[in-house]
Amino acid sequence: MSDRPSRAIGRKSISATLKPRELMTDTPLLAGAWTAQIITLFPQAFPGVLGESLTGRALQDGLWQLQTYDLRAHGIGKHRNVDDTPAGGGAGMVLRPDVLESAIHEARSAAKGIMPLVYLSPRGRRFDQTMARNWARMDGVTLLCGRFEGVDERVIDHFGITEVSLGDFVLTGGEIAAQAMIDATVRLLPGVLGNADSAVEESHSQGLLEHPQYTKPAAWQGRAIPEVLMSGNHAKIAAWRRAMSEQITEQRRPDLWAAYKAKDDT
């Protein structure tokens, strides 16, 4: 196992739990902050867009922290090889189990509290708002970003890794999916959104798609803001928004609508 310290991004603080080596770095770990650990061949891809806007501000304020673990640092031999040809033949390359084991052990040794170990895979359960809420209630998550033809199956079995998919399509690696899932989760952490009600009213928060939104000017290109939104009657506005959410969900996402109605009937 490499003794190379993980890269951590966030507000600096000193904790009694820090190892002596970590105390010498300029980015010590944050005690108690929600933690996203990323095992990847491209640590330089992070924080990426996560360093911008609300998630970036929350990162700087120490509401969450990011640790990257470079797979190449755990590679084999002079050239730090991380992959090999598929057993049984076939195209592409597969990430080696010994390399992955070393990287996973490094990341998990720094994990605190409840942090699921997740492999970003197109054959996994599809990521959704419910999963984001569950992750936000935990202490963090460890995300393994695959490349090439994926990872040796024995690693998934040995560590009991959960496979999660961003959607029914294939990416060249898990880094983009990891950033999307972290963004969806971090914005649910206390203090990240300026208005906590935003997370309650948006799409998928209650099993429905979000209602239409409008702002000034009151009339634009011959189109006016619906009168009810200008009425000042909050009860009527709430009823209109709920009706529009139901209508849009029924039209655009029959699967969500069926689940919503089934929940209503119980």
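Student: Which residues of helix 6 are buried?
Tutor: The model is a predicted one. Buried here means under 20% relative accessible area. In helix 6 the residues that count as buried are Glu 175, Ala 177, Ala 178, Gln 179, Met 181, Ile 182, Ala 184, Thr 185 and Val 186.

Student: Why is helix 6 described as largely enclosed by the rest of the structure?
Tutor: Helix 6 reaches 16 Å from its first C-alpha to its last, close to the 16 Å expected. It is largely enclosed because, of its 12 residues, the number buried is 9.

Student: Which element gives the largest share of the largest nonpolar core?
Tutor: That core has 28 residues, and Ile 38, Trp 64, Leu 120, Phe 127, Trp 135, Leu 143 and Ile 182 touch the most other members. Elements giving two or more residues to this core include strand 2 (34-40), strand 6 (117-126) and helix 6 (175-186). The largest share, 6 residues, comes from helix 6.

Student: How many residues are in the second, separate core?
Tutor: Leu 41, Ala 110, Leu 117 and Val 155 are among its members. The second core has a residue count of 19.

Student: Are the planes of Phe 127 and Trp 135 stacked, edge-to-face or tilted?
Tutor: Both residues are buried. Their ring centres lie 5.3 Å apart, with 50° between the planes. Planes under 30 degrees apart would be stacked and those over 60 edge-to-face, so this pair is tilted.

Student: Is Asp 70 buried or exposed?
Tutor: Asp 70 lies in strand 3, and its side chain reaches the backbone nitrogen of Arg 72 at 3.0 Å. The relative accessibility of Asp 70 is 17%. The cut-off is under 20%, so Asp 70 counts as buried.

Student: How far apart are the closest N and O atoms in the salt bridge of Arg 154 with Asp 152?
Tutor: Arg 154 is exposed, at 58% relative accessible area, whereas Asp 152 counts as buried at 16%. The closest N and O atoms of this salt bridge are separated by 2.7 Å.

Student: Which residues are linked in a network of salt bridges?
Tutor: The salt bridge count comes to 9. The residues linked in a network are Asp 84, Arg 96 and Asp 98.

Terms used:
Residues numbered from 1 in each chain as written. Predicted model: local features only at pLDDT ≥ 70, side-chain atom pairs only at ≥ 80, totals over all residues. Heavy atoms only, no water. Core = buried A, V, L, I, M, F, W, Y, C linked by side-chain atoms within 4.5 Å. Buried < 20%, exposed > 50% of the residue type's maximum accessible area, 1.4 Å probe, protein only. Helix = DSSP H or I, 4+ residues; strand = E, 2+ residues; numbered from the N terminus. Expected span 1.5 Å × (residues − 1). Polar contact = N/O pair within 3.5 Å; in protein donor to acceptor, adjacent residues only side chain to side chain. Phe/Tyr/Trp six-rings, centres within 6.5 Å; stacked < 30°, edge-to-face > 60°. Salt bridge = Lys/Arg side-chain N within 4 Å of Asp/Glu carboxyl O.
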